Amino acid sequence: MPLWATRLPGTLPFPVTRLRLPTNIEQTGTNKDRLLRCAPDVLAGSRGGGRRAVIAGLFRGRCQDAKVSIHHSLKFIREYVSHPTTVGAVAPSSPALARALCEPFRRYRRPARVLEVGAGTGAVTRYLGRILGPEDELDICEVQPRFADVLRREVLGKPDFERAVASGRVRLLIKPVQDIGVENHYDFIISGLPFTVFDLEDVRDVFASFRKYLKRNGVLSYFEYVAMRRTSRTLALGKSRRRVRSVSRFLSEHIKDHQFAKHTVLRNFPPAHARHMQFRDIPEPATTPHR
Ligand SMILES: C[S@@+](CC[C@H](N)C(=O)[O-])C[C@H]1O[C@@H](n2cnc3c(N)ncnc32)[C@H](O)[C@@H]1O
């Protein structure tokens with residue numbers, strides 16, 4: 001069992017002891033099999049071109065990825081400068097962090113209903129598009145219209161989302177997460193919200209919404225930067241220090257009471273903890289009483 005996966009009594013919607021992050025994309029098969037699993041489009045395009053064409057294709061793909069990622073990082077920084085207390089991060093999450101956040105969902109039996117909160121430029125959304133099953137439903141909530149535009153044009157328009165968008169299984173909700181207003185609806189909530197820059201009241205509101213939206217046994221996954229709370233608690237002064245302390249206390253209590261797994265992702269800037277929680281006190285949905 002990985003160190004970070006602790007077993008909890010009761011019913012989880014997936015076997016926690018098997019929760020392991022895919023640091024290596026399946027170790028089996030020949031080099032070509034592995035390449036096919038990582039980059040089937042590259043191989044398909046290189047048929048007959050031999051090894052050199054495959055490598056050239058991979059290199060082209062990497063350059064394109066790098067261009068997209070720089071482009072998204074610039075958008076991110078621009079939004080951060082305009083709305084620091086909403087965006088709360090200077091860079092989008094890395095693919096490693098996206099994978100860590102989505103791991104409970106990836107391992108869960110399907111179909112599932114997923115809510116991604118605070119999608120930004122789509123670092124996590126893109127990964128979700130790759131693992132979304134044919135009957136899964138995904139709601140993507142983002143409060144900044146400019147980020148929502150990026151998501152619509154540059155993420156939801158891509159082939160990974162084509163079928164899910166065409167069949168109405170993906171919705172973009174451009175509003176604060178607190179305003180979604182559903183009950184016992186989602187199996188998974190994957191949040192990118194920057195709790196450490198929020199006021200305590202907002203953090204409380206958001207957690208109350210998460211509890212309301214999740215089904216019983218549903219899972220909340222979110223991240224926070226390593227040592228960020230401790231550093232802010234130490235360095236902040238006056239009112240800001242009181243805010244950071246109260247938010248930190250609130251989060252620590254939730255971690256103690258509800259976290260069942262954590263994974264520290266060093267391949268992210270800054271390094272981050274992906275935390276996974278279940279609220280065992282969520283009531284069963286109301287049913288019609290027997291006569
Ligand atoms: C730290 S960024 C995370 C972006 C992306 N998920 C990632 O990991 O790179 C936080 C995002 O949450 C959004 N956000 C902040 N408050 C929100 C709220 N109340 N409801 C929905 N989205 C919110 C911000 O606009 C921003 O895009």
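User: Helices (H or I, at least four residues) and strands (E, at least two) are DSSP runs, numbered from the N terminus; in terms of these elements, where is the place of Asn184?

Analyst: The model is a predicted one, and in it Asn184 has a positive phi of about 45° although it is not a glycine. Most residues other than glycine have a negative phi. Asn184 has 15 other C-beta atoms within 10 Å and is therefore partly exposed. Its place is in the loop between strand S3 (170-173) and strand S4 (186-191).

User: With 15 C-beta neighbours inside 10 Å, what does Asn217 count as?

Analyst: Asn217 is another residue other than glycine with a positive phi, here near 70°, but its setting is strand S5 (residues 214-225). A residue is buried at 20 or more other C-beta atoms within 10 Å and exposed at 12 or fewer. Because Asn217 has 15 such neighbours, it counts as partly exposed.

User: What is omega for the peptide bond that joins Phe269 and Pro270?

Analyst: Pro270 is found in the loop between strand S6 (259-265) and strand S7 (272-277). Most peptide bonds are trans. The bond joining Phe269 and Pro270, however, is cis, with an omega of about -10°.

User: How are H9 and H11 oriented to each other?

Analyst: The axes of helix H9 (residues 200-213) and helix H11 (residues 238-258) come within 9 Å and cross at roughly 25°. Angles under 35 degrees fall in the parallel class. It follows that H9 and H11 are, to each other, roughly parallel.

User: Which residues in H11 do Leu200, Val203, Arg204 and Phe207 in H9 meet?

Analyst: The contact of H9 with H11 is made of five nonpolar, two polar and two charged residues. Leu200, Val203, Arg204 and Phe207 stand on the H9 side, and their partners in H11 are Arg243, Ser246, Val247, Phe250 and His254.

User: How far apart in space are Ser248 and Leu200, C-alpha to C-alpha?

Analyst: Ser248 is found in helix H11 and is buried, since 20 other C-beta atoms lie within 10 Å. Not counting residues up to four places away in sequence, Ser248 touches Arg229 and Arg233. Although 48 residues separate Ser248 from Leu200 in sequence, their distance in space, C-alpha to C-alpha, is 8.9 Å.

User: Of the 54 residues in the largest nonpolar core, which touch the most other members?

Analyst: In soluble globular proteins, nonpolar side chains tend to be buried together. Val124, one of the residues asked for, is in contact with Ser93, Ala98, Leu101, Cys102, Glu116, Ala119, Ile190 and Gly192, leaving aside its neighbours within four places in sequence. The residues that touch the most other members of this core are Leu97, Leu101, Val114, Val124 and Ile189. The largest share of the core, seven residues, comes from helix H5 (residues 95-107), whereas the names asked for remain Leu97, Leu101, Val114, Val124 and Ile189.

User: With which residues is Leu220 in contact, leaving aside its neighbours within four places in sequence?

Analyst: Leu220 lies in strand S5, and it counts as buried because it has 25 C-beta neighbours inside 10 Å. Leu220 and Ile190 are 30 residues apart in sequence but 6.0 Å apart in space, C-alpha to C-alpha. Beyond its sequence neighbours within four places, Leu220 is in contact with Ile189, Ser191, Phe210, Leu214 and Met277.

User: What percentage of the residues of the protein chain count as buried?

Analyst: The protein chain has 11 helices and seven strands. Among its contacts with a separation of 6 or more, 71% are accounted for by residues 24 or more positions apart. Of the 291 residues of the chain, the share that counts as buried is 32%.

Conventions
Residues numbered from 1 in each chain as written. Predicted model: local features only at pLDDT ≥ 70, side-chain atom pairs only at ≥ 80, totals over all residues. Axes fitted to C-alpha atoms, helices over the stretch in contact; angles between N-to-C directions. Parallel < 35°, antiparallel > 145°, perpendicular 65-115°, else oblique. Contact = placed C-beta atoms within 7 Å. Nonpolar A, V, L, I, M, F, W, Y, C, P; charged D, E, K, R; others polar. Core = buried A, V, L, I, M, F, W, Y, C linked by C-beta atoms within 7 Å.
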